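Notebook, one protein chain. I opened the structure and wrote down what I looked up, in order.

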Amino acid sequence: MMNLFRLAGDMTHLVSVVVLLLKIHTIKSCAGISLKTQELYALVFAARYLDLFTRFNSLYNTIMKLIFLGSSFSIVWYIRHHKIVRRTYDKDQDTFRHVLLVLPCLLLALLINNKFTFTEVMWTFSIYLEAVAIVPQLVLLQRTRNIDNLTGQYVFLLGAYRALYILNWIYRYFTEKHYYVQWITWISGLIQTLLYADFFYYYFQSWKNNERLHLPA
């Protein structure tokens with residue numbers, strides 16, 4: 001069910017996409033952005049929304065699915081194929097082997113899931129993969145060290161979205177009579193948020209001191 005925390009999480013996630021598209025489309029630059037992470041997110045949404053045309057929950061839900069699917073694949077296209085944007089991609093620094101994240105998440109989804117059906121396993125795979133999809137981006141930021149404002153805001157908003165969803169789960173657990181424990185989603189979301197902890201610290205330090213954001217190597 002919808003509540004303030006979930007709505008805030010969804011809007012924060014949406015704004016993070018807008019910030020990234022603004023950087024890519026307006027400035028014509030993807031400097032500091034990990035293609036590997038963007039490809040992982042495209043895979044996350046493709047696996048999660050297999051039921052897009054077979055299961056209708058609400059107009060809001062369908063619109064959000066279309067937005068995240070369309071934006072994730074368009075971002076990958078821009079970085080890979082746009083004649084100007086692709087020149088700004090730092091391929092030499094973005095070298096994290098994301099297959100090392102995909103295969104373990106798929107294996108884990110096959111072993112630990114709520115129901116052993118194709119769509120359920122793919123949904124579970126998307127939950128596990130989303131939890132670690134930010135890793136190539138964080139590694140790239142540590143390598144490049146100096147981070148422009150839009151890239152920093154994009155990563156911060158992604159982390160904030162998941163933190164707000166954790167508050168949503170806590171709220172629902174204590175207020176909804178029939179809200180059941182969802183260990184797969186909860187543990188994956190907690191791991192995802194913890195991965196941002198170091199970035200959050202340096203983000204707030206740079207904001208407090210009015211300095212350019214940079215991460216230690």
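Is Cys 105 buried or exposed? I looked it up in this predicted model: Cys 105 is buried, at a relative accessible area of 8%. I then checked Cys 30, which is buried as well, with a relative accessible area of 0%.

With cysteines on the page, I asked how many disulfides a search of the whole structure finds. The search returned 0.

Next I went through the secondary structure. I counted 9 helices and 0 strands in the protein. Read from the N terminus, the order of elements is α-α-α-α-α-α-α-α-α. The radius of gyration is 17 Å, close to the 17 Å from the globule rule for 217 residues, so the protein is as compact as a globular protein of that length. I noted the span of the C-alpha trace along the principal axes as about 45 × 40 × 35 Å.

Of the 217 residues, 48% are buried. I took the contacts between residues at least 6 apart in sequence and found that 75% of them join residues at least 24 apart. The accessible surface is about 12000 Å², and carbon and sulfur atoms account for 65% of that surface.

Last entry: Glu 176. Where is Glu 176 placed? I found Glu 176 in the loop between helix H7 (149-175) and helix H8 (183-195). Its relative accessibility is 18%, and Glu 176 counts as buried because the cut-off is under 20%. I also recorded a polar contact at 2.9 Å between the side chains of Glu 176 and Arg 172.

How values were computed:
Residues numbered from 1 in each chain as written. Predicted model: local features only at pLDDT ≥ 70, side-chain atom pairs only at ≥ 80, totals over all residues. Heavy atoms only, no water. Disulfide = S-S within 2.5 Å. Buried < 20%, exposed > 50% of the residue type's maximum accessible area, 1.4 Å probe, protein only. Helix = DSSP H or I, 4+ residues; strand = E, 2+ residues; numbered from the N terminus. Polar contact = N/O pair within 3.5 Å; in protein donor to acceptor, adjacent residues only side chain to side chain. Rg over C-alpha atoms; globule rule 2.2 N^0.38 Å. Contact = heavy atoms within 4.5 Å. Areas by Shrake-Rupley, 256 points an atom, 1.4 Å probe, with all protein chains shown as cover.
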